[in-house]
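Here's a quick tour of a protein chain for you.

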Amino acid sequence: MVYKKDIGTRVANACFSQRYILAIMGCAGVANALIMRACLSITITQMVRPSNHTSESGEIYHDPDACPALPVTPANPSKPVHPGEFDWDEKTQGKILSAFYYGYIFTHIPGGLLSEKFGGKYTLGLGIFSTAIFTLLTPWAARMGSDELIALRFIEGLGEGTTFPALCTLLAQWAPPLERSKLSSIVFAGVQIGNVMANSMSSLILEFIPGGWPWVFYIFGGVGMVWCVLWCLLCYNDPSSHPYITEKEKRYLQETIGQIERKKDLGPMPWKAILTSGPVWALIIAEVGHDWGLYTMVTDLPKYMNDVMHFSVAQNGILSSLPYLVMWVFSISTSALADWLLKVEYMSITTLRRSFATLGAVVPGLGCLAASYVGCDKVAVSVLFTAGMGFMGFCYASLRVNSLDLSPNYSGTIMALVNGIGCISGMGTPYIVGILTPNRSLKEWRVVFWIMFVILTLTNFVYIFYGTGEVQPWNDSSEQETSSTDDKRTLKEKENNTTQDDPEKSIGVK
C-alpha cells in the first residue's frame with residue numbers, strides 16, 4: 001500500500017501540481033458531458049427519415065436576399081440523402097432534443113447542496129457516470145420508441161445537472177484567489193471543446209465507422225466511463241484528503257485559500273440572504289443574457305450557414321466549430337490576463353469582473369449582428385461570427401468565476417441557481433428562432449440577431465451596476481451564528497454578574 005502511494009506521489013508530482021491535475025480532469029469531464037449531451041443534435045439527422053419541408057399550401061418561399069446555392073458539379077457532387085431509420089416529424093424531434101434540459105434544470109440546486117455536504121468529487125463523478133450509462137443505452141431506447149427516448153434523455157439530464165455546481169464546490173477548495181480565473185477557465189473550457197468535438201467527431205464517426213449512428217453513442221458513452229475511472233483515481237474533494245499532494249502545495253493552498261479541508265459544518269443554508277442578494281441576481285440576469293447569445297449560436301448557427309449562406313456540409317461543420325475554438329483560446333488567455341491584473345493590483349476585482357463581462361457580451365452581439373449585414377461575402381461572415389463569438393471567452397474570467405468570488409462556501413448552490421435559471425434561456429431560443437424564421441430568410445434572421453444583441457446588452461447593464469467581485473457577508477453563516485451565540489452568552493454572563501453584585505437590581509428585574 002505504501003509502495004503504491006509512493007509511486008502515485010512521484011508520478012503526480014513529476015507532472016503537475018494537484019490543483020492543475022484537477023482542473024485538467026475537470027475540463028475533460030465537462031467536455032465529455034457536453035459531447036454526450038450534444039451528439040444527438042447532429043446524429044438525429046441520420047437517424048430520421050428526411051422530410052420535404054413543403055408547406056400545407058404547397059408554396060415555396062424564395063428569399064431575394066439569400067446567397068446563391070452552391071452548384072452541383074463533378075468537383076462538388078451532391079451527397080445522397082441518408083434514408084434514416086425512424087419516422088419522427090419535426091415536433092417529435094424537438095421534444096426529444098429538449099427533453100434533456102427539462103431534467104437538467106431539476107438537479108442543479110440538489111447537486112449544489114450535495115456537493116457542499118459530501119464533496120464535489122463523488123457528486124460530479126456519479127453525474128457523469130449516469131450520463132455515460134444513459135448515452136450507451138440511447139440506441140436501445142430509440143428503437144423502443146420516441147417516448148422511451150424522451151424519458152431516457154430526461155433522466156440523462158437529471159444526472160448531468162450536478163456537473164457545474166460540483167465543479168464550483170471543488171474549485172472553491174483548490175483554486176487560490178490569484179489563480180482562480182486561470183483554473184476556472186481551464187475547467188470551463190471543456191464547454192467549447194465539447195461543442196467542437198460533438199459536431200466534428202460525430203460527423204467522422206457517422207461517415208467512416210461501419211454500423212451507422214449507434215456507434216456515436218457507444219463510443220462517447222465508453223469514453224465517459226473511462227473518464228469516471230480516472231477521475232476517481234486522480235482527484236479528491238480537498239487538499240487535506242489528497243494522498244499524493246506535496247506539503248509545499250498543501251501549505252501554499254492553506255496560506256492563500258485559508259483552509260485546505262472542506263467545511264462540513266456550514267450551518268443552515270442562508271437562503272434568504274442568497275435569494276435577496278443584489279450581486280447574486282445581477283449574476284443570474286447576466287448569465288441569462290450570456291446563455292441567450294450562446295445557445296442561439298450553438299443551436300442555430302449551422303442552420304443560418306446552411307439556409308441563408310448555403311455553405312456546403314463540410315464547410316458548415318468547420319465554420320460552425322471555429323467560434324468555439326477561438327472562444328477557448330480567448331478564455332484561457334484572458335483568464336491569465338485577469339489573474340495578472342489582479343496580482344499587480346492594476347484594477348480591483350469588481351472592476352475586472354465587470355469589464356470582462358462587458359467585452360464578453362457587447363462584442364459578440366455586435367459581431368453576429370454585423371455578419372447579417374455584409375451580404376454574401378462568405379469570408380466576412382465567417383470572420384465576424386468567429387471573432388464576435390470568440391469574445392465570449394471573456395465571460396470565463398468574469399461570469400463563470402463570479403460565484404466563487406461572492407461565496408466560496410456556497411459557490412455550488414449559487415452556480416446551481418445561475419446555471420439552472422440560465423438554461424431556461426437556452427431552452428427558449430430554439431423555439432423563438434423557429435417562430436421568427438418561418439421562411440428562413442436573411443431579414444428574418446436579422447431580427448434574431450437584433451434580439452440577441454439587445455438582450456446581451458441590457459443584461460450586461462444590470463451586471464455593471466449591481467455585480468461585484470467581493471465576498472458577501474453571508475458567506476460564513478456558521479461563524480456569524482457562532483459569533484451571535486457568543487455575544488448573547490457574554491451579555492447574559494454580564495447580566496448575571498451585575499445581578500449578583502447588586503441584589504436590589506435583581507429584585508427590580510424580577
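A disulfide is a pair of cysteine sulfur atoms within 2.5 Å. By that rule, this predicted model holds 0 disulfides.

**Cysteines**
- Take Cys228: the nearest cysteine sulfur belongs to Cys232 and sits 6.7 Å away. The cut-off is 2.5 Å, so Cys228 is in no disulfide.
- Is Cys228 buried or exposed? Its relative accessible area is 6%, and buried means under 20%, so Cys228 counts as buried.
- Cys368 is buried as well, because its relative accessibility is 0%.

**Transmembrane regions**
- An unreviewed UniProt entry places the feature "transmembrane region" at residues 20-40, 122-142, 215-236, 318-342, 354-373, 379-399, 411-433 and 445-466.
- What does the chain look like over residues 20-40? That stretch is 100% helix and 0% strand, and its end C-alpha atoms lie 31 Å apart.
- Residues 354-373 come out at 90% helix and 0% strand, with 29 Å between the end C-alpha atoms.

**Around Val454**
- Where does Val454 sit? You'll find Val454 in helix α20, which covers residues 442-466.
- Val454 has a relative accessible area of 38%.
- Now follow the chain from Val454 to Gly365: the two are 89 residues apart in sequence, yet their C-alpha atoms are 7.9 Å apart in space.

Key: Residues are numbered from 1 along each chain as its sequence is written. This is a predicted model: local features need pLDDT of at least 70, side-chain atom pairs count only at pLDDT 80 or more; totals for chains, interfaces and linings use all residues. Side-chain values use heavy atoms; hydrogens and water are left out. UniProt positions are given in the numbering used here, feature names are shortened, and annotations may be inferred rather than shown by experiment. Helices (H or I, at least four residues) and strands (E, at least two) are DSSP runs, numbered from the N terminus. Buried means under 20% relative accessible area, exposed over 50%, partly exposed in between (1.4 Å probe, protein chains only).
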